[in-house]
Amino acid sequence: MLISGARMMSSRWLTTARFGFGFGFGLGLGRTSGLSGARGLSSAGVRLDLSGVYPPIATPFTEREDVDYDKLEQNLRKYAKIPFKGLVVQGSNGEYPYLTEEERVEVVKRVRRSMPADKLLIAGSGCESTRATLELSAKMAAAGADAVLVVTPCFYKGKMDAQALVQHFTKVADSSSVPVILYSVQANTGLELPLDAVVRLSQHPNIAGLKDSDGDITRIGLIVHKTKDQDFQVLAGSAGFLMAAYCVGAVGGVCALANILGEPLCDLERLCMSGRWEEARELQQRLIEPNAAVTRKLGVPALKQAMEWFGFHGGVCRSPLRPLDQEQTRQLRRDFAANGWL
């Protein structure tokens, strides 16, 4: 049985997940005996279906760089009209490293209150230390998150080998009362979550899947192949390779561009899922340049500028991120206009 947005806590889920599994993965051990069959369960004790398109929503700020909750609510009302599977809150595009812990939790609370009950809320809870990640994950679950998105800790990246990362994610998953989604975003962290670590972690009953923003389609395909017996779900981390990711077995995407072109990205999902590959290819090609502009080329300032053009509230970034200069703004407009979006 698949559901989304469930908020009730079953006794089975409390038994199998909240109080930990003691999973024993750090030294490459196999699955311990006697575990229940729970796999990436929701708080209702049933499997969490991650398939679909999610915008990693931006955090609007006032001119004084305070979180603008009114503008956030206005964006959420518009997103509610788009057939997203849910929202990702406090991802990279939400400028989460620049928010205090209190702000991060409050944003999740506000989003949960505004979201339709049948939409999934995935909240970023990754911190540099395992202890801090455990604590923030618990707060995100209490704030209404259906799952937590945990980025690779990276400050001491030279020490973050597969064993350290497996240990980190295992402890988080053992403790979390909601499913955990791994998050690999090498462009921001300088650290790739190793394939063998992903495969081992896929066996954990409270790890539902992976958001892979690195864009290596062969790697995504290999992860899908090597985890196929684990009911492990892979999400593409960018609109630029969403169709390709579907082709090799991904179930959906968390795409910055969905903040702006949400309807076309949901159309792309529909075309891929119905096997209409020629139409999907044409649409995907028109999304590549705008996506690159608001991600690797110009980043969050470009995302927020483009949101303004399309009727959403992007606004300013929090310092030290700087707004686009005039030439960058012209280039951004060209990338959208040349593909028929402006």
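# Exercises on a predicted model

The protein chain has 13 helices and 8 strands; helices (H or I, at least four residues) and strands (E, at least two) are DSSP runs, numbered from the N terminus. The model is predicted, so local features need pLDDT of at least 70 and side-chain atom pairs count only at pLDDT 80 or more, while totals for chains, interfaces and linings use all residues. Residues are numbered from 1 along each chain as its sequence is written, and side-chain values use heavy atoms, leaving out hydrogens and water.

## Exercise 1: the span of a helix

Work out what span helix α4 (residues 130-143) should have, and compare the distance between its end C-alpha atoms.

- Step 1. The expected span is 1.5 Å times one less than the number of residues.
- Step 2. For the 14 residues of α4, this gives 20 Å.
- Step 3. The end C-alpha atoms of α4 are 20 Å apart, which agrees.

## Exercise 2: the two faces of α4

Find the buried residues of α4, then the exposed residues on the face turned away from them.

- Step 1. Buried means under 20% relative accessible area, exposed over 50%, and partly exposed in between (1.4 Å probe, protein chains only).
- Step 2. T133, L136, S137, M140, A141 and A143 are the buried residues of α4. They cover an arc of only 155° around the axis, which puts them on the same side of α4; the arc is that of the directions from the helix axis to the C-beta atoms.
- Step 3. An α-helix has 3.6 residues a turn, so residues three or four places apart point the same way.
- Step 4. On the face turned away from the buried side, α4 carries the exposed residues R131 and A142.
- Step 5. The partners of the buried residues are α3 (101-114), β3 (120-124), β4 (147-151) and α5 (162-175), against which they pack; contact means heavy atoms within 4.5 Å.
- Step 6. Just after α4 comes G144, with a positive phi of about 120°.

## Exercise 3: a residue in a loop

Locate D49 and decide whether D49 is buried or exposed.

- Step 1. Look in the loop between α1 (11-18) and β1 (52-54), where D49 is found.
- Step 2. D49 has a relative accessible area of 17%, so D49 is buried.

## Exercise 4: buried residues in the whole chain

State what percentage of the protein chain counts as buried.

- Step 1. The protein chain has 342 residues.
- Step 2. Of these, 56% count as buried.
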